[in-house]
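Please look over the chain shown here.

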Amino acid sequence: AVTTTIGVYAFGACSEGQLGIPSLGDRDCIETPTLISFLSSFPVHSLACGDRHSVALLSTGQLFSWGDNEAGQLARDSRLSTPLPIASLPPTAKIIKVTCGAQHTVCLGSNGEMFAWGANSFGQCGSSSDFSVSVGVPRRVVTGDLGRKVVSDIACGSNSTMALTREGEVFVCGDNRWGQLARDLPVKSA
């Protein structure tokens, strides 16, 4: 939870470091909102959470990630219980929104570019070349017509990603086992 003053509080399951509070150790769960002290000196704009990972968007456009990294969803080499900056985004990308699926992360730059990383087992990172390979670093999503569009909003399901363009078009990618991509409706698939 982000407060109106500087402060981010976390509670819930913490077995993979997803709360960003290293002092919790191996506890399974914390029921009381607890300050993530590391982030106290940063202007946190918003948070996004996956199954076992978390990402904070600062008002400067910088991203911090922590928690489970089994599929590369932190954009680094290992699991973290302390929030650390994601340094692998292009330096010119001022991020304005971040969202998470179960094991993937997607962010939107102020210029309308969309970046994705993490699990790609259903193509949820917008990469249709190899579903068996996770994407460990942020990559710009340019699949199909989406690469020529200005994205204005993004959202993630557990194993899917949606993008809304400035023109009002919806692009979807990922898991459609239960019809969550609305493939039978007039939407474009990335």
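How many helices and how many strands does the protein have?

## Fold

This is a predicted model. The protein has 14 strands and zero helices. Read from the N terminus, the order of elements is β-β-β-β-β-β-β-β-β-β-β-β-β-β.

Take the contacts with a separation of 6 or more: 42% of them join residues 24 or more positions apart.

## Burial and surface

The protein has 190 residues, and 46% of them count as buried. Buried here means under 20% relative accessible area.

The accessible surface of the protein is about 9,100 Å². Carbon and sulfur atoms account for 53% of that surface.

## The largest pocket

Rolling a probe the size of a water molecule over the atoms shows where empty space is left. In this model, the largest pocket holds about 210 Å³ of space. Its lining is made up of 17 residues. Phe11, Gln18, Leu19, Cys49 and Ser54 are the closest of these to the pocket centre.

Which strands each supply at least two residues of the lining? They are S1 (9-13), S3 (44-49) and S4 (53-58). S1 gives the most, with four residues.

What kinds of residue form the lining of the largest pocket? Eleven are nonpolar, four are polar and two are charged. Among the residues closest to the centre, Phe11, Leu19 and Cys49 count as nonpolar. Gln18 and Ser54, also in that closest group, count as polar.

Technical notes. Residues numbered from 1 in each chain as written. Predicted model: local features only at pLDDT ≥ 70, side-chain atom pairs only at ≥ 80, totals over all residues. Heavy atoms only, no water. 1 Å grid on protein atoms, 1.4 Å probe; cavity = no way out; pocket = protein on both sides within 12 Å on 5 of 7 lines; lining within 4 Å. Points joined across faces, edges and corners; volume = space filled by probe spheres on them. Buried < 20%, exposed > 50% of the residue type's maximum accessible area, 1.4 Å probe, protein only. Contact = heavy atoms within 4.5 Å. Areas by Shrake-Rupley, 256 points an atom, 1.4 Å probe, with all protein chains shown as cover.
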